[in-house]
Amino acid sequence: MKHDIILAGVGGQGILTIAYLLDYAAIARGLRFKQAEVHGMAQRGGAVYSHMRISDQPIHSDLIPEGHADMILSVEPLEVQRYLEYLRPGGAVVSNNEPVKNISDYPDVGQVNQALLALPRAILVDAAGIAQAAKLPKAQNMVMVGAATPFLPFEWREFEPIVNRLFGAKGEHVVQANMAVLEAGWRVGAFAKGLLDAGVTSNLASRFLARVEPVSLEPVMAGQFAAVLTTAKAQAFLDATGERVAGDADLLKALSA
Amino acid sequence: MAERELLLGDEAVALGAIHSGISGAYGYPGTPSTELFEYIEGVAQQEGIHAVWSANEKVAYEEALGMSFAGKRAIISMKHVGLNVAADAFVNSGVTGVNGGLVLCVADDPGMHSSQNEQDSRFYAKFALVPCLEPADQQEAYDMSREAFELSERTKLPVVLRLVTRLAHSRSGVDTGDRRPKNQLNPPADTFNFTLLPTNARVMYDRLTRKQPELEADSNNSRWNPLVDGADRSRGILVNGIAWNYLAEVFGGAVPHPVLRVGQYPAPFGKIRSMLELVDELVVIEEGYPFLEEMIRGVAGVAGKRIRGKLDGTVPRCGEMTPTIVARSLGLAVAQGLAPTLETIPNRPPTLCPGCAHGDAFLVIRQALAAFGDVKMFSDIGCYTLGFYAPFNAIHSCVDMGASISMAAGAAHAGQHPCVAAIGDSTFGHSGMTGLMTAIRENVPFTVVILDNGTVAMTGTQKTMCTGDDLVKIVLGLGLDPEHLKIIEPHRARAAEQAAIISAEIDYRGTSVIIARRPCVQLKRKGA
Ligand SMILES: Cc1ncc(C[n+]2csc(CCOP(=O)(O)OP(=O)(O)O)c2C)c(N)n1
Ligand code: SF4
C-alpha cells in the first residue's frame, strides 16, 4: 500500500496543518511516511506545496517522482495546475474552490474551475461554505482533510485524537466543532468519490454537490444517485439555482421518478 | 531507551546534538537551517544549553569555538552562504583543532529555494581539511549528528554536517538513542594550538595535513560509504547524500548496478578505486556541485574508463536532483503525469504581507527618488527584497548580507548621485554596521535607509538585535552626524511629507541615515 500526495496551496493558507494531521494519522496506523515541506521565502504568499508519502513499505525518496502521485490535495484551485505532471493517470484531485487572487494576472475563476473539472477524477469542495455554516470560518483546512480522507487509508474519526492535540487546549467544544467540519468534508469527498467511481464526470459530480447540503449526504447512496444524474429531471435540478436541498432519499426519489 | 520521534532533518540533527551532550547551540537564521537552532532553543532552558541567536555566522562560529576551547561541546548551524561569512573562523579552526566536540551543521540549498546561489559546502570542508558527514535521511541525520561529535573529539577537529533543503525540511520518523553526559568545564592547559602566530600555525598546519591519511582511512572504512556490487556491471553509479534516495526510488529499492554511496568525507578514494575496478563506466550523481566527479575525472580523465555526470551533461548541472531527473539521467523510462488543463498558469511569486511596513517604505522612497530621475536603489536580503517585484519595482540589487551599504558607498565613490541603500535591521546588525562605519569616516555622500521592523522577519520573526532606540544609539555610535539621522514611521498616507525628509537628506552631500521604523505585522500577530 502506498499513497503519494501533493499538497498544494498559497503561503499562509496553512497546508502544514493539513500535513500535520495526515502525518500523525499515518503514525497512529504504524505506517511509514515522509513529508517534504516548503519553508522560507515562498511562505510569503507564494505558491507552496508539500510532497507527502505514506506507505507500509520503506519509502526511499522524500520527493514524489513525476507521474506517481495518487492525489493532489489543494487548498486553492489554480494551484492544482502547477503539479499535474506529478499526478498518475487515474489519480484524484481534491481542491478547495476558493481562489486566492493575490496576483494581478489571476485567470477568470470560471475558467480555472472548468479546467479543473475537465480532469477525469476531480472534486471541487466548497470548504469556505462548509466552514462558515459551522461558524468556524478558519476551519477550511479541516474540511479539506475530511474531503481527502476517502482517498486515503484512514477513517475520518481517526483524526479526533490529532484534532484534540491541536485544539484540546481551547476546550472540548472546539475539538468537536472541528470534527463536525471534518466530517462534513468527508461526506462531500466520500459522496463525490462514489459518483466518480460510478462513472459520473467530475463536472457533473461538482454540479450536483453544489446543489445539496453537505451534511445531508450519505456516501453509501452515491451509486444510486449516479444512476439518475443524467435524467431530464436531474438536469433540471442541476440547472436550477437557489437554496441547497437535502441530498437524501427524498431527493433520490424525486430525481428518479 | 529508544523512542520514535517525528522530525524534520534539521530537528533530527538538533536532537542528535542534544543527546550528544552539547552545552551550546549557536547560529544565525537562514533557510533551510533555521529549524535546527529553534528546536534546541525550545528546550534550552530545561536542558541547560546556551542557545541565543548570534549577530551573524562568524560570531556564532567563534562563540562555539570558545565553548569548545573551554572543553564543552557545541553545535553551530547556518545556511550555506552563512559559511562564507564564518569562513575565516571555520578554516582557521581546522588549523587550531578543537577541545570539546565541535560540529558545524550547514544547510545547502540546491535549486535555490530561498537563496542567492547553490554553493556546495563540501568544498569548504575539503578546503579546511576537516571531515564532513552527509546524511541521506532523517535517521541518518540523527545518527550522524551523534557520530560527528564523537569524530570531532577523536580527531580533535571540527566536523561538518552537510544538509540540503530536501532533507532539512522533510519530516519522517526517527529512532533515538541514549543521552551522553555533558562535558565538564576544562580549558586547555596548553594553548599553543589556539594561538596561530606563524611560528605556531606552521606546526599546526603540518599536524593537520598529517592527519589527512587517517581521515581518508576513516572514510574508506566508514559505514556511511558502502560499496555494493551489482549483477549488471555495464555501469557503476556513485551518489552522495540524498541522491541515494532518488536512485533507490527509481530502481524500486534494488539497484542492479554496483553502487557507491558517499556520506563521509574526505572522499573515500580507496572505495572509488575499487568501484572503478568493477566497471568501465561510472555515472556520478551528486546533489550539489560535481565535487566528487571533478576529483575523479581530474584533468586527464581515468584511462580506459568513462566518467559521466554533471560535467559531460549526463546529469543537469544546475538545480536540485529529483527522482525523475535521476531516472532521466540514467536513460530509464519516466512515468508520464497529467498535462495542465489551463492554457497559461501565472506565476505566484512570494509577496509582502498585506499591511507590511516595507510596502509603505518603498512607496515613500520611490516618491523621494522620483525627482532625481531613474535612480537604482541598492538593497539587501530580507522580506524587503520582495520590493523587487511589482507593484514596487523599488530595489535593484541583492548580493550578500550588508552589501547594500558598501556597494552604494562604492558607487558614490565613483561619482554616482543619488546613491541610496535599503537594508533591514537584522541585516544591518549582521553585516551593515561595518560598511556604514567605513563610509562615515569619509562622509561618503549617500543615504542609508534602515528598515526597522523590529524582527528578523524573512526567516520567521526571530529576535533582532538592532531595533528601536538601540538602533539609533548604534548608528550614532558609528559616528554619524546626528543632524543627518532622521526617523520616520513609513505610511502611504504621509508619503509626501516623508518623501521630502528623504529628498533633503539625498540633497545633502554627506552620509545620512533614515530609520524607517514600523513593526512587522507578523510580529504583532504573534503578540510579541
Ligand atoms: C549570510 C546569510 N545569512 C543568513 C541569510 C538568511 N537571511 C536572509 S534575510 C535574513 C534576515 C533579514 O532580516 P532583516 O534584515 O531584519 O529584514 P526583514 O526580513 O525583517 O525585513 C536572513 C537571516 C542570508 N541570506 N545570508
Ligand atoms: S513578515 Fe513582516 S516584514 Fe515580512 S512581508 Fe510580512 S509584514 Fe512584511
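This is a predicted model: local features need pLDDT of at least 70, side-chain atom pairs count only at pLDDT 80 or more; totals for chains, interfaces and linings use all residues.
How many of the ten residues of strand E5 of chain A are buried? Seven of them are, and E5(A) is therefore largely enclosed by the rest of the structure.

**View 1. Strand E5 of chain A and its parallel partners.** Strand E4 of chain A, residues 69–74, runs parallel to E5(A) and is joined to it by five bridges; within this pairing, A:Ala69 has A:Leu87 of E5(A) as its bridge partner. Strands of a sheet pair through backbone hydrogen bonds, in either a parallel or an antiparallel sense. With seven of its ten residues under the 20% limit of relative accessible area that defines burial, E5(A) is largely enclosed by the rest of the structure.

**View 2. The contact between chain A and chain B.** The contact draws 49 residues from chain A and 45 residues from chain B, and the two chains bury about 4000 Å² between them, of which 57% lies on carbon and sulfur atoms. Between chain A and chain B there are 26 residue pairs in polar contact, counting pairs with both residues at pLDDT 80 or more. On the side of chain A that touches chain B, the elements giving two or more residues are helix H1 (15–28), strand E2 (32–36), strand E3 (47–55), strand E5 (87–96) and helix H2 (109–117) of chain A. Sorted by class, this side of chain A has 24 nonpolar, twelve polar and 13 charged residues. The count of salt bridges between chain A and chain B is five.

**View 3. Strand pairing across the two chains.** Strand E2 of chain A pairs with strand E8 of chain B, residues 170–176, in the antiparallel sense and over three bridges. Within this pairing, A:Ala36 has B:Ser170 of E8(B) as its bridge partner.

View 4. The side chains of A:Asp4 and A:Arg53 meet in a salt bridge, at 3.0 Å from N to O. This pair links distant parts of the chain, with A:Asp4 in strand E1 (residues 2–10) and A:Arg53 in strand E3 of chain A, 49 residues apart. Both A:Asp4 and A:Arg53 are buried. A:Arg53 also forms a salt bridge with B:Glu249, at 2.8 Å from N to O.

**View 5. B:Asp360 and its two arginine partners.** B:Arg492 forms a salt bridge with B:Asp360, the closest N and O atoms being 2.7 Å apart. B:Asp360 has a relative accessible area of 5% and is buried. The side chain of B:Asp360 meets that of B:Arg518 in a further salt bridge, at 2.9 Å from N to O, and this pair likewise links distant parts of the chain, B:Arg518 being placed in the loop between strand E18 (512–517) and helix H18 (521–526) of chain B, 158 residues apart from B:Asp360. B:Arg518 counts as buried as well, at 13% relative accessibility. Elsewhere in the model, salt bridges that share partners join A:Lys2, A:Asp4, A:Arg53, A:Asp70, A:Arg88 and B:Glu249 into one network.

**View 6. The open sheet of chain B.** Seven strands form an open sheet of mixed pairing, in the order E3-E2-E4-E5-E7-E6-E12 of chain B. Strand E3 (50–51) and strand E12 (264–265) of chain B stand at the edges with a single partner strand each, so one side of each is left without a neighbour in the sheet. The partner of E12(B) is strand E6 of chain B, residues 132–133, and these two strands pair in the antiparallel sense over two bridges; in this pairing, B:Leu133 stands opposite B:Gln264 of E12(B).

**View 7. The surroundings of B:Ala125.** B:Ala125 lies in helix H5 of chain B, residues 122–128, and counts as buried at 1% relative accessibility. Leaving aside neighbours within four places in sequence, B:Ala125 is in contact with B:Phe90, B:Val130, B:Cys132 and B:Val160. The C-alpha atoms of B:Ala125 and B:Ser114, residues that are eleven apart along the chain, are separated by 23 Å.

Notes: Residues are numbered from 1 along each chain as its sequence is written. Chains are lettered from A and ligands numbered from 1 in the order in which they are written. Side-chain values use heavy atoms; hydrogens and water are left out. Contact means heavy atoms within 4.5 Å. Buried area is the accessible area (1.4 Å probe) that two parts lose on being put together, summed over both. A salt bridge is a side-chain nitrogen of Lys or Arg within 4 Å of a carboxyl oxygen of Asp or Glu. A polar contact is a pair of N or O atoms within 3.5 Å; within protein, one must be able to donate a hydrogen and the other to accept it, and residues adjacent in sequence count only if both atoms are side-chain atoms. Helices (H or I, at least four residues) and strands (E, at least two) are DSSP runs, numbered from the N terminus. Ala, Val, Leu, Ile, Met, Phe, Trp, Tyr, Cys and Pro count as nonpolar, Asp, Glu, Lys and Arg as charged, and the others, Gly among them, as polar. Two strands pair if DSSP finds at least two bridges between them. Buried means under 20% relative accessible area, exposed over 50%, partly exposed in between (1.4 Å probe, protein chains only).
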